[in-house]
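Please read them with the sequence and model open.

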Amino acid sequence: MSPPNLAVDFAGIRLKNPLVAASGTFGYGVEYEGILDLSKLGGLVSKGLYMTPRDGNPTPRLAETPSGLLNAIGLQGVGVRAFARDVLPRLARHDTAVFVNVCGDSVEEYAEVAAALEDAPGVAGLEINISCPNVKKGGLAFGNDPAMTHAVVAAVRKVTKRPLIPKLSPNVSDIATFARACADAGADGLSCVNTLLGMAIDVESRRPKLAFGTGGLSGPAIRPVAVRMTWQVARAVKLPIFGIGGISSAADALEFLIAGATAVQIGTANFVDPGVYDRILAGLSDYLVRHGLGDVREVVGTLQMPERA
Amino acid sequence: MPTNRDVLLVERQALGGPYFVLSFGHPQVAREGRAGQFVMIKAGLSAEPPLRRPFSILAVDPERERFSLFVKAIGPGTRALCALEPGQPAQCLGPLGRPFTAPADDEEPLLVAGGYGIAPFLLMSRELRARGATARVFYGGRTAAELQLREPFAEAGVPLELATDDGSLGFHGRVTGALEAHLDRGGDGRRPRLYACGPDPMLHAVARLAQRRGLRAEVSLDPWMGCGVGTCLGCVVKIQAPEQERWKYRCACTEGPVFDAAHVLWPGEERSAAAEAGR
């Protein structure tokens, strides 16, 4: 029997497998050259990019929490032009889909960053970052107001033909509303979800453990929340979904696929084990064989939901 | 090139108190590891604690394809590592980071360690010996119980100058006090070159001392680290080289952990206040 098919189509982009490295956990991808074979990844999403370089937040920026990681990096980055000039040509040597995470302090800046990439070769799609909880302007402010979400996505839609994938915030009461706002504004797919707004306190000093005060929680701790939101979004819109949140094993990835995600993004697990892709791919193949399935796409959206009493 | 692999614990040596020397099989770290470089390592795949931990490479054995670490079991990650039995696996990425740079022939290498900051200096002493140079190692802690890595230096024939805050062993006072006493005696006559690893306040003190005396100094910083390869941007430190108008955040994992002490912007000593306020 031939090995099961792991390739998926995501908003018209062929991914050789459904594993994509999540923004902010994989640098610009080139940092992992020599450590792992980037061509094994279905794709990768760059660290968030503005028009200009950014310092990010003061330190400390990281704190470990139970089965989780709290961060407030604050979108430190090289800016979109340096990325297009220095990084994209290097990424072109690897056979993987490159997504760029687009940030902005204003609706206009999002469109400007997207426009700056319009002629750059080697970009498969744009992930629109409307959900970073760690910046004072923009970020979450666009992601927790459906009208603002619509405005950002529509503005970027006007300047690019590339697939647009807004990254949704979990810090909202009804994520389906935001998924529909994105779909109405012309999104081609959705990333579900960014980090949960959190806080950790050093009780001795009575100060927050992060210099920014609050941070974004990621890792296995948030997985049940992210799976639930992926399921809600999949029921609300027809768009393909990247399921994201604490995935570090094949079973974790399968939860999101079964809930309705077309593919998944691996985040915090990149920090814990750069070899995580090999383990998950092997586990996905094992699962498909064990269930007599020849194609990973047969799993997507197959949740057997019991009748609620 | 850093290599990520499953490694097996081959030997565990309990020193006094919470201190252990752990040896693992890892051909690339054993062959390529240099003093000041580190590995990211974690025992098992459990989600608790989530992240790997960085440790300076204590020693390498290229022939037996092993390296060892000096570990103080103080939290969940270090305790899990020190509870490994020989033959049990851990996950390890290394060697990582920039090593200490070698001294010139007319420089006297002075290695200054605070607590478990001693770790990189055994390998450094051996590297210096391979170049025909002898290291002088200053090893300080609060009490004698914190100075548990004396034996390997004795075996390697490297003399240690000990210092304890409480006077229970060696010089009574800070390790920088023992260093100053040596400098005041004129050292060995060559131009002193300082290398330091330990808690931030000690490193800051070494940096001030070096600046005051016009000495070159390198410090190995140990901020909270997430990934070890420059992607999480959690371990950044403010660095400003003399030719730069303003500081930049640099990753301790890839652009350090060893930095020129004169380039580090220590807390409360930020040189370019105007530039600071401008961001």
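1. Ile239(B) is placed opposite Lys248(B), a residue of strand E15(B). Ile239(B) belongs to strand E14 (residues 236-239) of chain B, where it and Val237(B) point one way while Val236(B) and Lys238(B) point the other, and all are buried (under 20% relative accessible area, 1.4 Å probe, protein chains only). E14(B) and E15 (residues 248-251) of chain B run antiparallel, with four bridges joining them; strands are DSSP runs of at least two residues, and two strands pair if DSSP finds at least two bridges between them.

2. This is a predicted model, in which local features need pLDDT of at least 70 and side-chain atom pairs count only at pLDDT 80 or more, while totals for chains, interfaces and linings use all residues. Residues are numbered from 1 along each chain as its sequence is written, chains are lettered from A in the order in which they are written, and side-chain values use heavy atoms, without hydrogens and water.

3. Between chain B and chain A, 28 residues of chain B are in contact with 34 residues of chain A (heavy atoms within 4.5 Å). The rule finds three salt bridges across this interface (a side-chain nitrogen of Lys or Arg within 4 Å of a carboxyl oxygen of Asp or Glu). Arg53(B) forms a salt bridge with Glu64(A), with 2.6 Å between the closest N and O atoms.

4. Why does Asn194(A) count as buried? The reason is its relative accessibility of 10%. Asn194(A) sits in the loop between strands E10 (190-192) and E11 (196-198) of chain A. Beyond its neighbours within four places in sequence, Asn194(A) is in contact with residues including Cys132(A), Leu168(A) and Ile222(A).

Conventions
Buried < 20%, exposed > 50% of the residue type's maximum accessible area, 1.4 Å probe, protein only.
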